[in-house]
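Here is a short briefing to read alongside the model on your screen. Take a look at the chain first, and then we will walk through it together.

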Amino acid sequence: MAETALAQVMAELAELEDPKTREVNERHGDDHGVNLSKLRALAKRLKTQQELAGQLWKTVDTAARLLAILICRPKAFERDELDAMLREARTPKVHDWLVNYVVKKNPHSEELRLAWSADPDPVVASAGWALTTERVAKKPDGLDLTALLDVIEAEMKDAPDRLQWAMNHCLAQIGIEHAEHRTRAIDIGERLEVLKDYPTSPGCTSPFAPIWINEMVRRQHAK
């Protein structure tokens, strides 16, 4: 029964494959051609199915793994399972969805945050920083924000792209959420100039930390 379900779902994913969508996704390092709105609609129809999610993940297919993330039970995974899954998740979208939709909702998230932040693999470390950014915004008690800024100031400029992006997000979040650290966060951003020239679409906020911080603070005050 389960094997039939897996075959049916893989067949549906194959039908959703679109060459133009794949072309766009591959520019961002994601090797699949499934429209994400259609993928979400399929997930909504399938509902939560932990066993099927595990089978989809094992196919190694990127679209199947994204679907697995959408239909799994985030709290059902053991710590070591999530660690192994993150290390296998080398495409950006699978990596991001796994962290945001699964790990953040799992009881082992804090333990993984600490382990991943210190990992020598920059892609794994970026997941640790993403979890730290979540805590900066929602549960900052117990975090040493000054020490985080020290690390960002020392390491962000020369960090590999994915890790640099995650550290920059953390820098911006500290500046946005914690007024006592805002001046220093903006100063670090201005001196390091990370993502200063990042192309930004009209109507979108630049990821350059000083602009990002000031804009989000302005919006908070405008409410």
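What share of the 223 residues in the chain is buried? Buried residues make up 45% of them, where buried means under 20% relative accessible area with a 1.4 Å probe, protein chains only. Please keep in mind that this is a predicted model, in which local features need pLDDT of at least 70, side-chain atom pairs count only at pLDDT 80 or more, and totals for chains, interfaces and linings use all residues. Residues are numbered from 1 along each chain as its sequence is written, and side-chain values use heavy atoms, with hydrogens and water left out.

**Overall build**
- The chain has 13 helices and zero strands; these are DSSP runs, with helices being H or I of at least four residues and strands E of at least two, numbered from the N terminus.
- Along the principal axes, the C-alpha atoms fill a box of roughly 60 × 40 × 35 Å.
- Of the contacts with a separation of 6 or more, 63% join residues 24 or more positions apart, contact meaning heavy atoms within 4.5 Å.

**Helix H6**
- Within H6 (residues 79–88), the buried residues are Arg 79, Leu 82, Asp 83, Met 85 and Leu 86.
- They sit on the same side of H6 because they cover an arc of only 165° around the axis, taken from the directions from the helix axis to the C-beta atoms.
- Their cover includes helices H4 (50–58), H7 (92–102), H8 (109–117) and H9 (122–138).

**Asp 119**
- Asp 119 lies in the loop between H8 and H9.
- Asp 119 is buried, with a relative accessible area of 16%.
- Beyond its neighbours within four places in sequence, Asp 119 is in contact with Arg 87, Val 124 and Ala 125.

Note on methods:
Buried < 20%, exposed > 50% of the residue type's maximum accessible area, 1.4 Å probe, protein only.
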